[in-house]
Amino acid sequence: MKSECPKVLHKVVGRPVIDYVLDIARGLRSLKIYCVVGHGSQKVREAVGPGIEFVEQDRLLGTGDAVKRCAPRFKNYHGTVVVLCGDTPLLSRTIVADLLKQHRRSKASATVLTAKVDQPGTYGRIVRTVKDEIAAIREYKDASEFERNIVEINTGVYCFGSKDLFESLKKVKLNALKNEFYLTDVIELLLKQGKKVGTYITDDATTAWGVNTREDLAQAQAILRQRILSKHMLAGVTIVDPLTTFIEADVTIGQDTVIHPMTVIHSDVRIGKNCSIGPMARIRPGTRISDGAEIGNFTEVSRTTIGPRVMQKHFSFLGDAVVGEGANIGAGVVTANYDGKTKNKTFIGSKAFIGSDAIIVAPNKIGAGAMIGAGSVVARNKNVPAGTVAVGIPARVIKKI
C-alpha cells in the first residue's frame, strides 16, 4: 500500500477494511474472535472495537504461521475454527454462513470456500482429481503453467476442525521460494491422512477480492458504493445520478427522499422521508435530518440536527447546530462553531429566519420565530430572544415581531 497506515485500516466507503470482516465474524456469533496482527499492530488494536482478542505475529512468516500463533488458545477446544482474511471487505456474510453450514453437515476436517472467476490473476488455484474432488491448493508462484490456467481460486476462507488444523500446522514446512509457512499446505496434509476435505463454490468473484494496493482499494470502494446505492434505491430513495452520488456505509435514508447529483453523504448520517438533498451537498457524520427538509446546492452540514421542513437552500454551512422545525437558513449563512480550541453549539428555534450571509458565532441561541438580518454577525453568547429582529455587526435586537 506504500503507507504508514496498516492496510486493514484504510477506509472503504467510510469504514476500515477490517470492519467488514469483523462484522461477518460477529454475525456468525463466534464464541471467540482472534485477530492476528503484525505491521502497525498497535494502530489496529486501537481502531478495532471490543470483544476481539489479539495475537501478535512478530515475524511475518505467512498465513500458516499466523494461524499457528493462535494454537495455545485452542488446547481445550474441539469445535470449528473459521479462518478469514482481514483485507477482504467484499466478503459476503451469507456465503460464509452457508460455508459453515455445509462444513458442519458434511463433518469434514476442512471445507474451503472457492470461486470461479474469469481472470484468476495471482490467486491460489484449486487443483482437483479426475473425480472432481479437491487434491490441493496451489499458490500461484508454485503453480505449473497448466495449473495457472485453472479458473477456480482459493478465497482464503476456511472452516477447520480445531484438532485437525493445529495438528497439521505442526507438520507444515517452510516454503523456500517465499520463506513462508502456507496455510494452504494443511489441505494436502489432511488429504494424505485420508481426512475428508470439502469445497463450497461461489459464483461471486468479489468474495475473494483482497485489498493489496491503492488500485484494489478504489475498485473495492466502487463495488461497495454501487451496492449501497442499490440498497437505498430499492428501499424507495430516488438517486438522480448514481454515477456522481457518493453515499458511505451506515447511512439511513427515508422513503421518497431525493438525492441530487454531486452529493456526498458520509457515515453516521440519518435522513428522513420526503427530503431533498443537493445537488453538490456534503452531509458529514453525526448529522440528523428530519422529514421534509430541503438541503440545497453547495451546502455543508456537520454534526447537526435539522428539524422537519427546514429550508437550507444555497451555499451555507451548519456545524454543531440544532435547527428547529420550519426554520429558514438563508444563502451564505455560517454557524461559526470552532473558536480555535472547542467546537461549540448553535441552537436555532423553530420558524426562525436567518438572513443571507449572516454569521452566528457559537455558542449561541436564536429563539423561535426570531429574524436575523442579512449580513449580520451574532457575536458569541449574544442570544437572540424568540420573536425578535436582530441586525448589524455585531447584531442587536431592534424590535419585536
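Aspartate 23 counts as partly exposed, at 23% relative accessibility. Keep in mind that you're looking at a predicted model. The side chain of aspartate 23 meets that of arginine 26 in a salt bridge, 3.9 Å from N to O. Both residues sit in helix H1 (residues 17–27), three residues apart, which is about one turn of the helix. Arginine 26 is partly exposed too, with a relative accessible area of 36%.

Side chains of opposite charge can pair when their charged atoms come close. In this structure there are 23 salt bridges, and here are a few of them:

| Salt bridge | N to O distance |
|---|---|
| Aspartate 23 – arginine 26 | 3.9 Å |
| Arginine 69 – aspartate 58 | 3.0 Å |
| Arginine 303 – aspartate 320 | 2.8 Å |

Let's take arginine 69 and aspartate 58, whose closest N and O atoms are 3.0 Å apart. This pair links distant parts of the chain, eleven residues apart: arginine 69 is in the loop between helix H3 (62–68) and strand E5 (80–83), and aspartate 58 is in the loop between strand E4 (53–56) and H3. Arginine 69 is partly exposed at 24%, while aspartate 58 is exposed at 62%.

Now for arginine 303 and aspartate 320, with 2.8 Å between their closest N and O atoms. They too link distant parts of the chain, 17 residues apart, with arginine 303 in the loop between strand E21 (300–302) and strand E22 (305–306), and aspartate 320 in the loop between E24 and strand E25 (321–323). Is aspartate 320 buried or exposed? It's buried, because its relative accessible area is 7%, under the 20% cut-off. Arginine 303 is partly exposed at 30%.

Both of these residues touch asparagine 337, whose contacts beyond its close sequence neighbours include Arg303 and Asp320, along with Phe317, Gly319 and others. Asparagine 337 lies in the loop between strands E27 (334–336) and E28 (346–348), and is buried at 8% relative accessible area.

On to the strands. E20 (residues 294–297) pairs in the parallel sense with E17 (residues 276–277) over two bridges, and isoleucine 295 in E20 is the bridge partner of isoleucine 277. E20 also pairs with E23 (residues 311–314), again parallel, over three bridges. There, glutamate 294 stands opposite methionine 311.

Phenylalanine 315 is found in the loop between E23 and strand E24 (317–319), partly exposed at 48%. With Met262, Met280 and Phe298, Phe315 forms a nonpolar surface patch of about 420 Å² accessible area together.

How values were computed. Residues numbered from 1 in each chain as written. Predicted model: local features only at pLDDT ≥ 70, side-chain atom pairs only at ≥ 80, totals over all residues. Heavy atoms only, no water. Pairing = 2+ DSSP bridges. Helix = DSSP H or I, 4+ residues; strand = E, 2+ residues; numbered from the N terminus. Patch = residues over 30% accessible without salt bridge, like charges linked within 9 Å, V, L, I, M, F, W, Y side chains within 5 Å. Areas by Shrake-Rupley, 256 points an atom, 1.4 Å probe, with all protein chains shown as cover. Salt bridge = Lys/Arg side-chain N within 4 Å of Asp/Glu carboxyl O. Buried < 20%, exposed > 50% of the residue type's maximum accessible area, 1.4 Å probe, protein only. Contact = heavy atoms within 4.5 Å. Lists of a residue's contacts leave out its neighbours within four places in sequence.
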